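The sequence and structure come before the details.

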Amino acid sequence: MKEIGVILLAAGQGTRMKSNLPKVLHRLGGKPLFLHALGTARELKPSRVAIVIGHGAEAVREAYCEQGVNWVVQKKQLGTGHAVLCVKGHFCGFTGDLLILSGDVPLFKEQTLRAMVRAHRERNAALTLMTAVLDAPMGYGRILRDMCGEISGIVEERDATDAQKRVQEVNAGAYVASPEFLFAALEQVDNKNRQGEYYLPDVVTIGLTQGKRIATFRVDDSREMLGINTREELAAMEKALQEQINRKWMNDGVTLQDPQTTYIEDGVSIGRDTVIGPNSHLRGRTIIGERCQIDGSAYLTDTELEDEVHLRFSVVLTSCRVARGAIIGPFAHLRPGTSLGRDVHIGNFVECKEATLGEGTKANHLSYLGDVTVGKQTNIGAGTITCNYDGFKKYRTSIGDRVQVGSDTTLVAPISLGDDVYVATATTIRHDIPAGALVFNDREERVREGWTEQKRNKMRGSKN
Ligand code: UD1
Ligand code: CA
């Protein structure tokens, strides 16, 4: 079987985005734009991959940490034809087929690309280019055909006559070519056009004059070839992508109460009979079990929920693990490194960070639990604070099983409380407490009867 080489064009600035960020780094479905086309192309198992970068080259390169690709810098963006010529050196001695894609066209399906490569091979063509028929072809290069319906050239929107602009068949911007033909033809491309650029599609006319076989491959679903050139197009595609993902999860047995405001990224997985309320964001590598309930306004990133977890309204969870049956929120913030055991309850205005809570433990109101390990069946009273930071270093707190932490407790770390400790309310603890002990701060409680009335009388007297 012939090898496949991939060339991905991603050097352009994307002027129409009006952005300081290179276009291919704008995010679609939670990841930089160009990674969509790159991911699909790599599914074809190419033996060589070259990515042409230019605008924000360093940042683009950093957005893809996997190995096995050649980064080629196109210093000046002189056009798509020039961009392809820049990678010539990486395909010395390469005799396979070259697949050329754009970083700003994200939705091609693997099967579509495979079918195009197959068509190219079957027809023994020097170049095969993908076309599509659009109701609104504006902005795309138009396909010109002769009396017999054979392709005779491509004209860019800006160079087209009014009659040519009415052509609805467009250049989809994906090509398969023999390297020998392609690089030789590109040497002949000039920049005598409205944009003063070296156009890759010009190799079509060059090939035809050389008597080479130039084939076209029409994509059935033209939505696949839509490119992103403006922010409006980016938003429209984001919506389309989201609808597709949401539909998939609903078909797999997940209830989305308001799909319009449910945002699920590509890498997420969700178990059956889970119910997800409005304005929920499931991001990164989030994994949700079966029969979970997410009330709404939830923002989850890289978080794992086992089965039957209930997230009440308005919670933020980042890099957390939550075991079966836990109930969280409303208004809770679980930060990275939080791990909650079975049936843990986290109530309103509770923040956790690097916190491990054992089975059945509860922190129901107004607490900060940071750098802490708590055992099983412990109750953390309202207003408990772990003082984990002295302005220089972070310290850990450890709390045993079945501990009763009274309201308004201050735990000054590093500190450890044994099992079955009983902390009286309003205690500041600075030393380790042995298992089974009671701890309280000895503060005298003083009472002055009739004090309020005396005070009021005094104040009234001073006013008159
Ligand atoms: C291009 C095609 C057009 C086709 C459309 C399909 C050309 C001249 N026109 O137009 O026929 O209908 O794609 O989407 O090819 N790039 C570089 N270096 C450059 C210029 C561009 O790497 O010097 C990259 C861009 O980053 C982008 C891709 O090439 O990823 C396409 O360039 P763009 O300017 O978006 O071309 P279109 O006007 O969309
Ligand atoms: Ca484009």
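## Largest cavity

G29, E238, L241, Q242, I245, I264 and E265 line the largest cavity. A cavity here is a set of points, on a 1 Å grid over the protein atoms alone, where a 1.4 Å probe fits but cannot get out, and lining residues have an atom within 4 Å of a point. The model is predicted: local features need pLDDT of at least 70, side-chain atom pairs count only at pLDDT 80 or more, and totals for chains, interfaces and linings use all residues. Side-chain values use heavy atoms, with hydrogens and water left out; residues are numbered from 1 along each chain as its sequence is written, and chains are lettered from A and ligands numbered from 1 in the order in which they are written.

The space in this cavity is about 30 Å³, a volume being the space filled by probe spheres set on grid points that are joined across faces, edges and corners. The search of the whole structure finds one cavity of 30 Å³ or more. Helix α8 gives the most to the lining, four residues; helices (H or I, at least four residues) and strands (E, at least two) are DSSP runs numbered from the N terminus.

## Strand β6

Six of the six residues of β6 (residues 97-102) are buried, so the strand is largely enclosed by the rest of the structure. Buried means under 20% relative accessible area, exposed over 50% and partly exposed in between, with a 1.4 Å probe and protein chains only. D97, L99 and L101 cover one side, and L98, I100 and S102 the other.

Strand β1 (residues 4-10) pairs with β6 in the parallel sense over six bridges, pairing being at least two DSSP bridges between two strands. L101 in β6 is the bridge partner of L8. Strand β10 (residues 169-177) runs antiparallel to β6, and three bridges join them; A177 in β10 is the bridge partner of L98.

D104 lies in the loop between β6 and α4 (110-122) and N229 in the loop between β11 (214-218) and α8 (231-251), so the pair ties together parts that are 125 residues apart in sequence.

## Nonpolar core

The largest nonpolar core has 48 residues, of which L305, L317, I328 and I346 touch the most other members. Strand β27 gives the largest share, five residues. Such a core is a set of buried Ala, Val, Leu, Ile, Met, Phe, Trp, Tyr and Cys residues joined through side-chain atoms within 4.5 Å.

Conventions: 1 Å grid on protein atoms, 1.4 Å probe; cavity = no way out; pocket = protein on both sides within 12 Å on 5 of 7 lines; lining within 4 Å.
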